[in-house]
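Please read it with the model open beside you.

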Amino acid sequence: MPTSREATVERVRAWLDTSVFRSGGGAGRGREAVIPLLQAAQEEFGYVPREAMDGIARALRLPSAIVQGIATFYAQFRFKAPGRHNVTVCRGTACHVRGSGKLLDDLQGTLRVRPQETSADGMFTLETVACFGSCALAPVISIDGRVHGQLSAQKAKSLIASASREGGARGARKPARGGAAARGRK
Ligand code: FES
């Protein structure tokens, strides 16, 4: 039985052989190809594994440090496997005014994680976003890409409880609209 690291290496190897590279992602395209390939890796794995960065560097004939430097510059990329469920709290002004700070505090307590972290059991990743574009519904959070508005702490708790009961497949989620693009390191 392969370890989880071996399984990741195997998946990355298979991914590197896919159409992403065959359709023009390979050598000769240089640095401008790095970001689309990092995005493709994150779409595939839910994060950008170190092995994928190394593979991209090899394919583009760039030093690994260049690819890592580009990846870490942008807030859109994550470098750890996400939890089975994603919980994203809006920290925009409208949501802040309507209590998103307290909501975030409560969720940190419930999930026992800080923003941009995954719970020890791998169930939940907690993130923040600058705005979902649903300000009229403030305060807003999303769970596994589904946006919920006018949230009370109690309602947030019950949504988390029902996500826990549902289980779910790691990596199956898509980010909420406005999530990755609007995410800020704050
Ligand atoms: S400020 Fe929260 S959705 Fe816009």
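**Notes on the fold**

1. Of the 186 residues in the protein chain, 31% are buried, where buried is defined as having 20 or more other C-beta atoms, placed from the backbone, within 10 Å of the residue's own. This is a predicted model, in which local features need pLDDT of at least 70, side-chain atom pairs count only at pLDDT 80 or more, and totals for chains, interfaces and linings use all residues. Residues are numbered from 1 along each chain as its sequence is written.

2. The protein chain has nine helices and five strands, these being DSSP runs numbered from the N terminus (helices are H or I, at least four residues; strands are E, at least two). Along the sequence they follow the pattern α-α-α-α-α-β-α-α-β-β-β-β-α-α.

3. The five strands form an open sheet with the order 2-3-1-4-5 and mixed pairing, two strands being paired if DSSP finds at least two bridges between them. Strand 2 (117-118) and strand 5 (146-148) each have a single partner strand, so one side of each is left without a neighbour in the sheet. Strand 2 pairs with strand 3 (residues 124-129) in the antiparallel sense over two bridges, and Glu117 has Leu126 in strand 3 as its bridge partner.

4. Turning to the helices, the axes of helix 1 (residues 4-16) and helix 4 (residues 50-60) come within 9 Å and cross at roughly 30°; axes are lines fitted to C-alpha atoms, for helices over the stretch in contact, and angles run from 0 to 180 degrees between N-to-C directions. Thr8, Val9, Val12 and Leu16 in helix 1 meet Glu51, Ala52, Gly55 and Ala59 in helix 4, contact requiring C-beta atoms, placed from the backbone, to lie within 7 Å.

Terms used: A residue is buried if 20 or more other C-beta atoms lie within 10 Å of its own, exposed if 12 or fewer, and partly exposed in between; C-beta atoms are placed from the backbone. Two residues are in contact if their C-beta atoms, placed from the backbone, lie within 7 Å.
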